Each structure stands twice: as structure tokens, then as C-alpha cells.
Amino acid sequence: MTAGGLSVTADVVVDVINANAAPIFESMRGWSVVEGQTLQIQAFAFDADHPAATSSSAAIDYRVFELPDGASFDATTATLTWTPDFEQAGDYVVRFEATDDGDGAGDPITESSNVPIRVRDINRRPVISQISNLELERG
């Protein structure tokens, strides 16, 4: 700052604190699959603290809740895999959670996304049990 040809300088210390932003899920509006067909859903939550991060490099931890029978979830790849059997037609909702660890700031933030899954009934061939021979007498 100058005044009348004189100047004054001062050191200013600025502390920038880490403000953790919540993860934001990509749209997972809904899925439809037929019985016996394998379904794979890979979740991705954007981490505003690391905008160049991909699903494998982001500091996001994934979990799922309300998995249908026979479904599995790989937290490392954030991938749900499920092949519904022929008795599982119907509507399901799986809840995905993404937790951003806050880059060590001690302030993790968790967001969730409910994903509807419809399993459609498939018309399969009828199964006919073997019929034993019968003996009939006239009369």
C-alpha cells in the first residue's frame, strides 16, 4: 500500500481448510432384466474434491443394502452382479451408499441412491414329468 510515496508491507497468513464435498451419484434410474439373465450395475459417485478421479481412483467407499437373494456386490469395483432365478420375478430396490472419506479431514460424508430393479417373468417351456405305463383291462 502506498501513500504519499511511502509504502507499508505486511505478511498475511491464510489458512485454507479442507471442506469436504458430498459425493454425487450418476443417474441409476432403474433396471429391467428377465429371469435367468445376468444383470451388472457399476455404481459411480462423483467426488468434487477430486474431479479427475475415475471410479477406480476416487477415494469413495461403496456399500449396498437390501441385496436380493443370489446377488453379490464387489466394493472394490462398486459392481453389483445378479442372475435372478426363475422364481424371482418382481420389483426390487437396492440402496447404494457412497462415502467420501474427507481426505483425512475427519469429516466423512455419505450419500445414498435407491435403484429400482424389475425382474420380468419369462415364459419357459413346460416340464413334463415322465409318465409311467398303465395297463387297462376292457370290461
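This is a predicted model: local features need pLDDT of at least 70, side-chain atom pairs count only at pLDDT 80 or more; totals for chains, interfaces and linings use all residues.
User: What is the strand order of the open sheet of 4 strands, and what pairing does it have?

Analyst: The order is β4-β11-β10-β7. The pairing is mixed.

User: Why do β4 and β7 stand at the edges?

Analyst: Each has a single partner strand, so one side of each is left without a neighbour in the sheet. β4 covers residues 31-34, and β7 covers 60-65.

User: How much is the twist from one strand to the next in that sheet?

Analyst: The twist averages 25°.

User: What makes β4 and β11 a pair, and in which sense do they run?

Analyst: Pairing needs at least two bridges found by DSSP. β4 and β11 (residues 109-120) have 4 bridges. They therefore count as paired. The sense is parallel. As one example, V33 has V119 in β11 as its bridge partner.

User: What is the order in the open sheet of 3 strands?

Analyst: The order is β5-β9-β8, and the pairing is antiparallel.

User: What makes β5 and β8 edge strands?

Analyst: Each pairs on one side only. β5 spans 39-42, and β8 spans 72-74.

User: By what angle are neighbouring strands of this sheet turned against each other?

Analyst: The average is 15°, with direction ignored.

User: How do you know that β5 and β9 pair?

Analyst: The cut-off is again at least two bridges. β5 and β9 (residues 79-82) have 4 bridges, in the antiparallel sense. The pair therefore meets the cut-off. Within it, Q40 stands opposite T81 in β9.

Notes. Residues are numbered from 1 along each chain as its sequence is written. Side-chain values use heavy atoms; hydrogens and water are left out. Helices (H or I, at least four residues) and strands (E, at least two) are DSSP runs, numbered from the N terminus. Axes are lines fitted to C-alpha atoms, for helices over the stretch in contact, and angles run from 0 to 180 degrees between N-to-C directions.
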